[in-house]
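Have a look at the model first, then read on.

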Amino acid sequence: MKRLRLREIYEHPITKKYVKRSGLAHAIATAEIAFELSKTYNVSPDLATKAAFLHDIGHYTWYKDGQWDYELYKENDIHAIKGAERSHKLLIRLGEDRVAAKQISLAILLHTDSYLPTSSIEREPLQEVVASADEQDEEPGGFHHYRKITESEAIRRLTNLDEKIDQYKVNGKEHLPVK
Ligand SMILES: [Fe+2]
Ligand SMILES: [Fe+2]
């Protein structure tokens, strides 16, 4: 089966709308870090980069009088839950393998514990890669969500990642699309 590429995911209007809302630069940087981490954790770089790229796709904007209301956000945010569902629907529409779509969606659901009453997530390696990549790209005060990137730079970096994923081999064999 032909691999669904990051570039194809990026071209979909749903991705453009929601990934840009929470920061395209952060999404791409997180995917790049996840690619590197996937080697250490021995998980599929295809799944890790897709989950990392889409991890914040569930964000809603919590503005009050033109200002981000952090209290409102903390009380009401469910972006990981929303993102898991939104990314799953998007991936299935784009023809992603169903097993892969579930794994990606789960990694998005578990990338943060901010919506849970207690922080008690036990993550599998793929989920850990995504959570850790996200954390590595975070900036104090949530500034990572506002970092800018041009359209041409975004496309260049996603294409570069796609090429690296295509070339990546585990133990001399092509990696399987699913862990
Ligand atoms: Fe997040
Ligand atoms: Fe994030």
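The protein has 9 helices and 4 strands, where helices (H or I, at least four residues) and strands (E, at least two) are DSSP runs numbered from the N terminus. In sequence order they come as α-α-α-α-β-β-α-α-α-α-α-β-β. It's a predicted model, so local features need pLDDT of at least 70 and side-chain atom pairs count only at pLDDT 80 or more, while totals for chains, interfaces and linings use all residues. Residues are numbered from 1 along each chain as its sequence is written, with chains lettered from A and ligands numbered from 1 in the order in which they are written.

**Overall size**
- The C-alpha trace spans about 55 × 40 × 30 Å along its principal axes.

**Annotated region**
- An unreviewed UniProt entry carries the annotation "domain: HD" for residues 23-139; such annotations may be inferred rather than shown by experiment.
- Residues 23-139 are 64% helix and 3% strand, and their end C-alpha atoms sit 12 Å apart.

**H6 against H7**
- The axes of H6 (residues 79-93) and H7 (residues 98-109) come within 8 Å and cross at roughly 160°; axes are lines fitted to C-alpha atoms, for helices over the stretch in contact, and angles run from 0 to 180 degrees between N-to-C directions.
- H6 and H7 are therefore roughly antiparallel, the label for angles over 145 degrees.
- Their crossing is right-handed, meaning the near helix is turned clockwise from the far one by less than a right angle.
- Contact residues (C-beta atoms, placed from the backbone, within 7 Å) include Ala 80, Ile 81 and Leu 91 of H6 and Ala 101, Ile 104 and Leu 109 of H7.
- By class, this contact has 10 nonpolar, 4 polar and no charged residues; Ala, Val, Leu, Ile, Met, Phe, Trp, Tyr, Cys and Pro count as nonpolar, Asp, Glu, Lys and Arg as charged, and the others, Gly among them, as polar.

**H3 against H8**
- H3 (residues 24-41) and H8 (residues 125-137) have axes that come within 8 Å and cross at roughly 135°.
- H3 and H8 are therefore oblique to each other, and their crossing is right-handed.
- Among the contact residues are His 26, Ile 33 and Tyr 41 of H3, plus Pro 125, Val 129 and Asp 137 of H8.
- This contact splits into 9 nonpolar, 5 polar and 3 charged residues.

Note on methods: Angles under 35 degrees count as roughly parallel, over 145 as roughly antiparallel, 65 to 115 as roughly perpendicular and the rest as oblique. Two residues are in contact if their C-beta atoms, placed from the backbone, lie within 7 Å.
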